[in-house]
Amino acid sequence: MSFFDLNAFDNHEEVAYFSDAATGLKAIIAVHSTKLGPAVGGCRLWRYADDKEALTDALRLSRGMTYKNAVAGVGFGGGKAVIIADRNMKTPEMMQAFGRAVARIGGRYYTAEDVGITPADIAEVAKETNFVAGLEHTSGDPSPFTATGTFVGIQASVKHLTGSDSLEGKSVAVQGVGHVGYYLCKHLANAGAKLIVTDVNQANLNRVVNDFSATVVEPAEIYDQEVDIYAPCALGATLNSQTLPRLKAKIVAGCANNQLATPDIDQALTDAGILYAPDYVINAGGIINISFERSGYCANKANTKVEKIYDTLSTLYQRASQENRPTGELADQLAQEILAAK
């Protein structure tokens, strides 16, 4: 199968590979669409099994950013970058080399942080390019805003099923409690929810146990928990043909990207009576926050728009119910309509 025939390719405008022998950088930058504006999306650092896995991730994440930015109405196109490396391989020099790679795209792609990348890393990238978003001296760490959007999205999901958006006494299985997951746990705990968590990083687990009295389970056990809500907040593709039959939750609402391993899982969730919050709709808080960098950043204004994710999902759920359609399919249609109208 050729590159252009890959399902994840989906008419990307540009895909570029970069390497830097001196720093060990191996990176892919994927620009899916600049129809609504320059492509904006974070950079993910991960030890992929092979180059094909890295490419597929970059393509899927890039397309997801196009749809996320379209539905969020932020005036950005969609792009994404991945760096193939272990976290212990990351150095300031590697991030600077990545900055030079971003500069070579010529402003069609703006980068920001994602899994494996910190605000300090982005500061290193910014030493080599101006095409950077989410710096600490501008809009800052987007993680708290992504968590806020995910939290109000969970509230909207509970409201759709129960008639009340109260989370008091509700149980939530949170998969991944790093940057965004930690802030989400804080919101949930403050709202009276009971937390069951898992993570591959013990320090992350210790923090949520100490701060929020969370219950810890092994990573493989998170799908089997008797909970109201399953919140995937780590890497994508955790919803698949093997995990779906194990879910006890009636709501899937989390901040991870590309939660569905394959498109048919969207319909399978509907058939199983599980309400799915489309990932790029519920996790748009970070990019919404970044979008306010262009007009004199104001955290309060950014937060107000992030909280409108509640209304966006409520409207989406209502229409999906009326039309008897999977929520993910409907979200894709809305994004495509926005792109087609441009």
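Guide: We can begin with the chain as a whole and then turn to its sheets and a few single residues. Please keep in mind throughout that this is a predicted model.

Visitor: Fine. How many helices and strands does the secondary structure come to?

Guide: The chain has 12 helices and 11 strands. Its radius of gyration is 19 Å, close to the 20 Å that the globule rule gives for 342 residues, so the chain is as compact as a globular protein of that length. Along the principal axes, the C-alpha atoms fill a box of roughly 55 × 45 × 45 Å.

Visitor: And what share of the residues is buried?

Guide: Of the 342 residues, 54% count as buried. The accessible surface comes to about 14400 Å², and 49% of that belongs to carbon and sulfur atoms. As for contacts between residues at least 6 apart in sequence, 66% of them join residues at least 24 apart.

Visitor: Which domains does the assignment give?

Guide: The domain assignment lists domain 1 as 3–61 + 77–127 and domain 2 as 142–341. Their C-alpha centres lie 24 Å apart, and the contact between them takes 14 residues from domain 1 and 12 residues from domain 2.

Visitor: Let's move to the sheets. What is the strand order in the open sheet of five strands?

Guide: The order is β1-β2-β4-β3-β5, and the pairing is mixed. At the edges are β1 (14–20) and β5 (109–113), each of which pairs on one side only. From one strand to the next, the twist averages 25 degrees.

Visitor: In what sense do β2 and β4 pair?

Guide: Strand β2, residues 25–33, pairs with strand β4, residues 77–84, in the antiparallel sense, and six bridges are found between the two. If you want a reference point in that pairing, Val31 stands opposite Gly79 in β4.

Visitor: Which helix lies across those strands?

Guide: That is helix α2, residues 92–104, which lies across β1, β2, β3 (39–46), β4 and β5 and runs at about 35 degrees to β2.

Visitor: Changing topic, which residues of β9 are buried?

Guide: In strand β9, residues 229–232, both faces are covered: Ile229 and Ala231 are buried on one side, and Tyr230 and Pro232 are buried on the other. As a general point, side chains in a regular strand alternate between the two faces of the sheet.

Visitor: Which strands pair with it, then? I have β6 and β10 in view.

Guide: Strand β6, residues 171–175, runs parallel to β9 and is joined to it by four bridges, with Val172 opposite Ile229. Strand β10, residues 251–252, also pairs with β9 in the parallel sense, over two bridges, and there Tyr230 stands opposite Val252.

Visitor: One last thing, the backbone angles. What is phi for Asn11, and where does that residue lie?

Guide: Phi of Asn11 is near 60 degrees, which is a positive value in a residue other than glycine. Asn11 lies in the segment before β1, and with a relative accessible area of 64% this residue is exposed, the cut-off for that class being over 50%.

Visitor: And what about Ala237, where is its place?

Guide: Ala237 is in the loop between β9 and β10. It has a positive phi of about 65 degrees although it is not a glycine. The relative accessible area of Ala237 is 31%, so this residue counts as partly exposed, a class that falls between the 20% and 50% limits.

Terms used: Residues numbered from 1 in each chain as written. Predicted model: local features only at pLDDT ≥ 70, side-chain atom pairs only at ≥ 80, totals over all residues. Heavy atoms only, no water. Pairing = 2+ DSSP bridges. Axes fitted to C-alpha atoms, helices over the stretch in contact; angles between N-to-C directions. Contact = heavy atoms within 4.5 Å. Rg over C-alpha atoms; globule rule 2.2 N^0.38 Å. Buried < 20%, exposed > 50% of the residue type's maximum accessible area, 1.4 Å probe, protein only. Areas by Shrake-Rupley, 256 points an atom, 1.4 Å probe, with all protein chains shown as cover. Domains from an automatic or database assignment.
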